[in-house]
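I opened the model today to look up a ligand shell and some helix packing. My notes follow.

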Amino acid sequence: MPDWKIRRANTIQTELEVPGDKSISHRAVMLASMSNGTCVIRGFLPSEDCLCTVAAIRALGVPIESADETTLIVQGKRRVFAAPTHDIDCGNSGTTMRLMSGLLAGQPFRSRLIGDPSLSKRPMRRVMEPLTQMGAKITAEGKDGRPPLVIEGGNLQPIDYVSPVASAQVKSAVLLAGMFAKGRTSVTEPTQSRNHTERMLEYFLIRPQKNDLTVSLHGGLTPESRDFQVPGDISSAAFWLVAAAAQPRSHLLIKNVGLNETRTGVLAVLVRMGAHVREIVENEEAEPLGVIEVRGARLKGTEIGGKEIPNVIDELPILAVAAALANGTTVIKDAGELRVKETDRLAAVATNLRAMGAQVQETEDGMVITGGIPLHGARLDSYGDHRIAMAFAIAGMFAEGETIITNTDCVNTSYPGFYQTLERILHEPPGQQTPVITSLPNA
Ligand SMILES: O=C(O)C1=C[C@@H](OP(=O)(O)O)[C@@H](O)[C@H](O)C1
Ligand SMILES: C=C(OP(=O)(O)O)C(=O)O
């Protein structure tokens, strides 16, 4: 993909939808593959990360057909998989590697998981430790628990695992392995992370139990095959939410978007920053889904930390951009996990914001942003990280002069079509944009 060239944008007055949720798409394919029949997954996200999960599951002998780009038909294999004949390539996707590790830990064969250069630098001990305690043999071929991973599984014992990190990937890896263990496996996390695995296990009638920060399940059960609707990804919506929230007179409606309470922290933060945000859950089957409406305002700084962090973890780059556009100081803390994502997101955000003229002080586990200083265009690297590319495309919409984002192919890992929507918003003057026809009641 060529470099993106971005100029200051008009106000946004439009409505749009975002592609399917990435976390939920991965999990839907994995659980459907273990089920006892055919599952049709609608609204699937056809991004590179999720297609890695599809390829990984196909490599285990599970037939997956695509009726169209966003509809998959998965023939569940009742938790009995075939040994892969080649390495499983997880590409850029931490979720694929960590969740597949859990599933493969339960299989009586050897598999090898590889990733791209970015994934090959990410820590895997966090899943190796509990899965090894359960009885799987896992070797990391990279330094200090880095990929590739070689897994020889089967014959698992249940554990009660107390995770040192609030990570949905760790929790999900242990729960997926627990499906193959003899007895009850539990995971306790330090703070609530996204709960899609628990919700989906419930939907597929595995009936996990939840007690505060502990989730447990009985091994040996086969998920009951069911069709599944994936909602739009609120982490993808977050880019447009900030673009509208930070611009007085903007008005944006996002439809068919996931509103799971462990993912909507971005809305709470934008409200604290002074934006007018409303959400309505219209449908709740496996996952709540509905509409978000945002009206822009002059934003003000806030503090983001503690228990809120797992709920906004992927939105912190775009929230840092919002902070640079807001009046006053924003403090982001307790977010050290950002250093082990696709790139060191704290360093990448601080470097790029500074290149645009913002005042940012990076800390060990966050940053302090003094907002309100006008941004100017700059040439910015994405560092191969989709969320950095998209966050700074939005920053460019508020900057004087031209912003160039290089290394933009990475956006296909989570949001194919992002640039097309960006172009539509940049080039359609407010009067010609798809109008916001529906406004939520009492708007
Ligand atoms: O479970 C998931 O689908 C995810 C969990 C989060 O990672 P951690 O579990 O490492 O916090 C998040 O950053 C990632 O984008 C997706
Ligand atoms: C961190 C992310 O994903 P993953 O861990 O699956 O690579 C993300 O999408 O921001």
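I began with ligand 2. Around it I found Lys22, Asp49, Ser93, Gly94, Thr95, Asp314, Lys341, Glu342, Arg387 and Ser414. A residue makes this list if its C-beta atom, placed from the backbone, lies within 6 Å of the molecule. I sorted the shell by class: no nonpolar, four polar and six charged residues. Here Ala, Val, Leu, Ile, Met, Phe, Trp, Tyr, Cys and Pro count as nonpolar, Asp, Glu, Lys and Arg as charged, and the others, Gly among them, as polar. Domain 1 (4–20 + 231–432) and domain 2 (22–206) each supply at least three shell residues. The domain bounds come from an automatic or database assignment.

I noted the ground rules. This is a predicted model, where local features need pLDDT of at least 70, side-chain atom pairs count only at pLDDT 80 or more, and totals for chains, interfaces and linings use all residues. Residues are numbered from 1 along each chain as its sequence is written, while chains are lettered from A and ligands numbered from 1 in the order written.

Next I checked helix H7 (residues 234–245). 12 of its 12 residues are buried, so the rest of the structure largely encloses H7. Buried means 20 or more other C-beta atoms within 10 Å of the residue's own, again placed from the backbone. Helices (H or I, at least four residues) and strands (E, at least two) are DSSP runs, numbered from the N terminus. Phe239 and Trp240 are among the buried residues. The partners of H7 include strand E2 (13–17) and helix H12 (386–396); contact means C-beta atoms, placed from the backbone, within 7 Å.

Conventions
Two residues are in contact if their C-beta atoms, placed from the backbone, lie within 7 Å.
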